[in-house]
Amino acid sequence: MAKIKGDHEKERVLDFSKMISIVWKNWLVMSRDKFRLAMLLLFPILMIAIFGYTSGVTPKYIPAAIVDYDHSNMSRMIMNKLYANQLFIIKYQVSSQDEGKKLIDEGQVKALFILPNGLQDAIISGQNPKIYAIFDQSDPTVAQITQASTQVFVQQLSQGMAQQRIVSAESSVASAQRDLSAAKQTMTIVMDSQAVESTMSAANSNYRDAIYTSSQLTSGLSSTTQTLRNSVAYILDSDQNQIVATSGNSFADANAAMYALSSIDSKSPTIAQIAAYQGIIGGVSKITSDTNKLYASTTAVAAASAAKDAAVSAAYSRVSSADKKLSETMSQLSATSSSQLSFSALQPYGVHTGIDFIIPSMLAMTIFQGASSGLGREIAGEKKEGSLTRVFMTPTSNTTIIVGTQLFYILLEIVRAVILLFVAMVLFGVTMKGSFLDMIPVLVVYVMGAVGIGMVLSVLTSSQEQYMALSMLITLPTMFLSGVFLPIQTMPPALQSVAKILPITYAADAFRGIMIKGFGIAAVMPDLIWLMAFCLITMSLSVILFKRELV
Amino acid sequence: MPVSVCGMANGNGEYAIECSGVTRRFGSFTAVSKLDLKVKKGEIFGFLGPNGAGKTTTIKMLTTLLTITEGSAKVAGLEVSTHGAGIRSKIGVVPQQFALFDELTPLENLRYIGELYGMTKTEIKRRSDELLKIVGIYDKRDIPSGGFSGGMKQKLSVAAGLLHSPEILFMDEPTTGLDPQSRLTLRDLTKQLNDQGITIVYTTHDMEEADKLCDRIAIMNLSKLVALGTPHELRAILKEGRTIEIQLERKDKKLVEEAGKLIRATSIEYMGGTILMHTNEPTAGLVSMLSHFFERKKMGVNEIMVKEPSLEDVFVYVTK
């Protein structure tokens, strides 16, 4: 008589040894199907190889044609640049736009560059010169890349032209600076008013000297004249009483006296002497008057000179200011020409290649795809083939069945993730800045959640075919919204908000944090919390929805 | 020493299964309606019925795969609605489909099922060897079962159903799709298991099989139980009707109709050269009465034979 261990009246909610049996069975089933096993393990390698070799590669040697309507030095220069550029390989130089378009239609070239008539004039006159291009739109990706490459090329070209302009502006400024400096020198000489001033002060002192000397002379002569006149008056007085007593200070009086004296012969030498003095006084007086006039003239000249001085000084300060501004311009120009603004990425997280950024997203995507399709497919298949019925016939709880099955897929996905990482590291030198131990909790929680989705889907479907259709409906959009193929930021806002609730987004973020930024588990906690919520939801849903009833 | 294949029926009472007013609805559709039946311990109980009659739904309810909408059922002395786990450990199921894993060998398949029943490793090993010998695929025990023939798969499935020594074994159309040789082997195996005391609930479309194998048969139609009894009892339902097969040397419709009147035939059918007359008259004397009639009319007779009703006739009769 066969005895069965334990009391089968009850079944444990979580029977660990039965879960191990389920894992063991799943492993056997999978390992016996060598092809499927190989596909499962090769899939991550294939993915990583495809992404690794296709992403982050800049396009080169895009076949292009060119048509030059301008036939100018400038257009030839641009053409030469196009020939020299690595982005494009100019395969044809055609004579018309139509001819070029035909080449695009035939698929010979992907782009046609058109250098329009008047290009050089436009460049020289500083209008907006334009180069036109036609791209092969039959392949939007190529068109996009080509367009972007053209943009880069034109940018480089226009930068080069701007550079040239700066250089020529520099030389003009330098020549203007030289002119200004000469002008300043001349003005400095003009403004050197020392000569005028000393002349003026010499004139002043000479004037004072002259005035003083003439006043001394006049007063000396006057007193001598008075003395003489007094003596003449005395003589007259004793000879004849005709002499009119005078104060003797007037030339008229003196002249009258002289006249009177002239008639007195005896006294004539003295009179002649007086007359001579009188004459000298008159001369001195004239000199004084002239000196006064000379002084007035000199003062006027000095005033005029001062005004001129002020004007020159004002001009000088303006010239100085212009010179200063020119030197500023010059230094700006030379700074612009010598120091092109260039971009250099800092690498606080270490040096990374494009694939470093893709790997975390890909990891998230591969796991999601594998976990959500593998398990559900298995369950749906077992449901259809009846082996699930057989399991239901045993005293094994739903939770044990679900968790046991999930446990296997969790282990499988972790193995796949490790393979993916290993291949990425070996093939593409992907770096792992953080600790793999920190990856484990994220991996486990995420895989459980994704497996839960598979479980929920399998409940909703009754065959593998139905399951595959439904899971495609979920995994494909998820893959495209995961940011692996297209950056999330470039998506329409509505899709972005969808991407923001996808678990794959958070898993990728957490993986990126740990792998690239070297974050610890604490730093990716917000992601992990979201993933935990996701896991809890799908796991609960799968337990709630997973019914033993098989209709 | 005989090999034991089943657990001792240790429940109290004489019935392995008792259904009372068992009803199952899917939305507005009633799959099984007010089913009342009892399966005795140790009998082979057959479930017959056309597709969609409610057999499989009934089996699913009794094996705890489906809940009962109304009514109650006891299996191995336990209430189905409350003792699912207990029942599951006392019953074995051989489903319609293989329902095991192609990738695994018979031993691995049995090991997996055994572990889910909570059996120990040594117990599983011992029972597996025993059962694989009984069903006759012991020499294939280490070959993945995906390559097995339908018959071999079904034998493995039976072994899996018996692994934990159940009191009751449910076999859901186990011979469907098998070749005649395999059917025969499986039928013999079922008989052999039953001889050792295990109660068997057996569904099939094969009337002959049911007739030969089952102690009692329930016929279901349109979600209701329409007939229940031993094959003999079921045939008795048609005791009023029998068919006489006649083959004459030449055709003579008028003469045949005259003969029909003689035996009060309820209907006459022509099937090629064979004439089928249905009558409610007692069998005794029918053949001689007809032979004499045709002799008198100078009509050569090749064969006159009275056919007793088959289970199939009963089936057709109760399900039409």
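Two residues are in contact if their C-beta atoms, placed from the backbone, lie within 7 Å. The exercises below use this criterion on a predicted model.

**Exercise 1. Chain composition and contact range**

Solution. 
- Step 1. Chain A has 551 residues, of which 31% are buried; chain B has 320 residues, of which 43% are buried.
- Step 2. The secondary structure is 17 helices and four strands in chain A, and eleven helices and 14 strands in chain B.

**Exercise 2. Confidence**

Task: State the ipTM and pTM of the model, and identify where in chain B the confidence is lowest and highest among the elements.

Solution. 
- Step 1. The model has an ipTM of 0.78 and a pTM of 0.64.
- Step 2. The average pLDDT of chain B is 87, and 96% of its residues score at least 70.
- Step 3. Helix α11(B), residues 311-319, has the lowest confidence with a mean of 81, and α3(B) has the highest at 95.
- Step 4. Residues 1-11 of chain B have a pLDDT below 50, and in the model this stretch makes 28 contacts beyond near neighbours in sequence.
- Step 5. Where pLDDT is low, predicted coordinates should not be read in detail.

**Exercise 3. The interface**

Solution. 
- Step 1. The contacts involve 34 residues of chain B and 32 residues of chain A.
- Step 2. On the side of chain B, the elements giving two or more residues are α2 (84-90), α3 (106-116) and α4 (121-135).
- Step 3. The largest share, five residues, is that of α3(B).
- Step 4. By type, the chain B side consists of 18 nonpolar, ten polar and six charged residues.

**Exercise 4. The six-stranded sheet**

Task: Give the strand order of the open sheet of six strands in chain B, and explain why β6(B) and β10(B) are edge strands.

Solution. 
- Step 1. The order is β6-β7-β8-β3-β9-β10 (chain B), and the pairing is mixed.
- Step 2. β6 (91-94) and β10 (224-229) of chain B each have a single partner strand, so each has one side without a neighbour in the sheet.
- Step 3. Ignoring direction, neighbouring strands of this sheet are turned by 15 degrees against each other on average.
- Step 4. Helix α5(B), residues 150-162, lies across β6 and β7 of chain B and runs at about 165 degrees to β6(B).

**Exercise 5. Helix α11 of chain B**

Task: Which residues of α11(B) are buried, and against which elements do they pack?

Solution. 
- Step 1. B:Leu311, B:Val314 and B:Phe315 are buried in α11(B).
- Step 2. These residues span an arc of only 100 degrees around the axis, so they lie on the same side of α11(B).
- Step 3. The buried residues of α11(B) pack against β3, α7 (207-213), β9, β10 and α8 (231-236) of chain B.
- Step 4. The helix α11(B) packs on the sheet, where it touches β3 (44-48), β9 (216-221) and β10 of chain B, and its direction makes about 35 degrees with that of β9(B).

**Exercise 6. Positive phi**

Task: Where do B:Glu173 and B:Leu222 lie, and are they buried or partly exposed?

Solution. 
- Step 1. Most residues other than glycine have a negative phi.
- Step 2. B:Glu173, not a glycine, has a positive phi of about 45 degrees; B:Leu222 has a positive phi near 45 degrees.
- Step 3. B:Glu173 is in the loop between β7 and α6 (180-195) of chain B, and B:Leu222 is in the loop between β9 and β10 of chain B.
- Step 4. A residue is buried at 20 or more other C-beta atoms within 10 Å, and exposed at 12 or fewer. B:Glu173 has 19 such neighbours and is therefore partly exposed; B:Leu222 has 13 and is therefore partly exposed.

Key
Residues are numbered from 1 along each chain as its sequence is written. Chains are lettered from A and ligands numbered from 1 in the order in which they are written. This is a predicted model: local features need pLDDT of at least 70, side-chain atom pairs count only at pLDDT 80 or more; totals for chains, interfaces and linings use all residues. Ala, Val, Leu, Ile, Met, Phe, Trp, Tyr, Cys and Pro count as nonpolar, Asp, Glu, Lys and Arg as charged, and the others, Gly among them, as polar. pLDDT is the predictor's confidence in each residue, from 0 to 100. Two strands pair if DSSP finds at least two bridges between them. Axes are lines fitted to C-alpha atoms, for helices over the stretch in contact, and angles run from 0 to 180 degrees between N-to-C directions. The arc is that of the directions from the helix axis to the C-beta atoms.
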